[in-house]
Every structure is written in C-alpha cells, then in structure tokens.
Amino acid sequence: MTIVKANLRYTAEHDWLSSDSPARVGVTDYAQNQLGEIVYAELPEVGDEITAGVECGELESTKSVAELRAPASGKVVEVNEALVDNPELINDDPYGEGWLYAVDVTEEGPLSSAEEYAQTVEGTIE
C-alpha cells in the first residue's frame, strides 16, 4: 500500500512539499514505487531559481527517466548531497532521508492535501 504523509502537500506529478521554511521537496512513495530502483538523481543547484511546474532535474531508474517538476517557485537553498552517492535513499525513505532539495518559496504551484492525494493514489495516510 502506498504511504501518504499527513503533514505534506502534493503535486499531480507525485512530488511533495513540506510546510517548513525553507520547504523541503521530494518524491512520493507512489512515485518511487512506479520508478523502481533509482540509480541517479540530477537535482537543481544551490542558488538556482526554480519555477513551479517547470522541470528542475530528473531521476533515473532501472526502468526509466522521470523529470522533476518544481512544486513551488523560489530559490534553492540546500540540496541533499547524500543522494549523489546513495540515490537509493529515495526508494528506502522518500519522506525522510530521501528528500531532494530545499527551497525558499516565493509562490506555490497547485498542491493537493494529503487526503486528496491519498484518494488519487489509493494510499494510506500516516
């Protein structure tokens, strides 16, 4: 069963955004399951200005390559450097150690609540 974290908000592209400041960004449990074993993560760089809904990186798995679309606009202030050597952290812990980057949000894109997202992916809220 797909896990959906109650304290996050979600995009239609299966990314999550935290409410922290700066906000952390990652991919959902559903997304990592669909991708399979993730072998490479191309992330935005610290200082990059990203725009909600626009591609800002990609994840490569043994099955396919998936574009990362920003869930919010703003400046990237931190990148999860652990993913360079251990991209499998995204599969192991997509809501924790597998986070992707942090952004100072200036504008959010369209986001769903945990309840709405859980209905979409038939997930269980934790």
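Analyst: In this predicted model, a residue is called exposed when its relative accessible area is over 50%, and buried when that area is under 20%.

User: Why is Lys-63 called exposed?

Analyst: The relative accessibility of Lys-63 is 58%. The cut-off for exposed is over 50%, so Lys-63 counts as exposed.

User: Where does Lys-63 lie, and what does UniProt place there?

Analyst: Lys-63 belongs to the loop between strand E7 (55–61) and strand E8 (65–69). An unreviewed UniProt entry gives the feature "modified residue: N6-lipoyllysine" at Lys-63.

User: Which residues is Lys-63 in contact with, leaving aside its neighbours within four places in sequence?

Analyst: With those neighbours left aside, Lys-63 is in contact with Asn-33, Gln-34, Leu-35 and Gly-36; contact requires heavy atoms within 4.5 Å.

User: What makes the approach of the Lys-63 side chain to the backbone oxygen of Gln-34 a polar contact?

Analyst: The side chain of Lys-63 reaches that oxygen of Gln-34 at 3.4 Å. A polar contact is a pair of N or O atoms within 3.5 Å, so the value of 3.4 Å falls inside the limit.

User: Which residues of helix H4 (residues 114–121) are buried?

Analyst: The buried residues of H4 are Ala-114, Tyr-117, Ala-118 and Val-121.

User: How do you know that the buried residues line one face of H4?

Analyst: Viewed down the helix axis, the buried residues of H4 fall within an arc of 100°, and therefore they line one face. Gln-119 and Thr-120, on the other side of H4, are exposed.

User: What do the buried residues of H4 pack against?

Analyst: They pack against strand E1 (3–4), strand E2 (9–10), helix H1 (29–35) and strand E11 (124–125).

Terms used
Residues numbered from 1 in each chain as written. Predicted model: local features only at pLDDT ≥ 70, side-chain atom pairs only at ≥ 80, totals over all residues. Heavy atoms only, no water. Buried < 20%, exposed > 50% of the residue type's maximum accessible area, 1.4 Å probe, protein only. Helix = DSSP H or I, 4+ residues; strand = E, 2+ residues; numbered from the N terminus. Arc of directions from axis to C-beta. UniProt positions renumbered as here; feature names shortened; annotations may be inferred. Polar contact = N/O pair within 3.5 Å; in protein donor to acceptor, adjacent residues only side chain to side chain.
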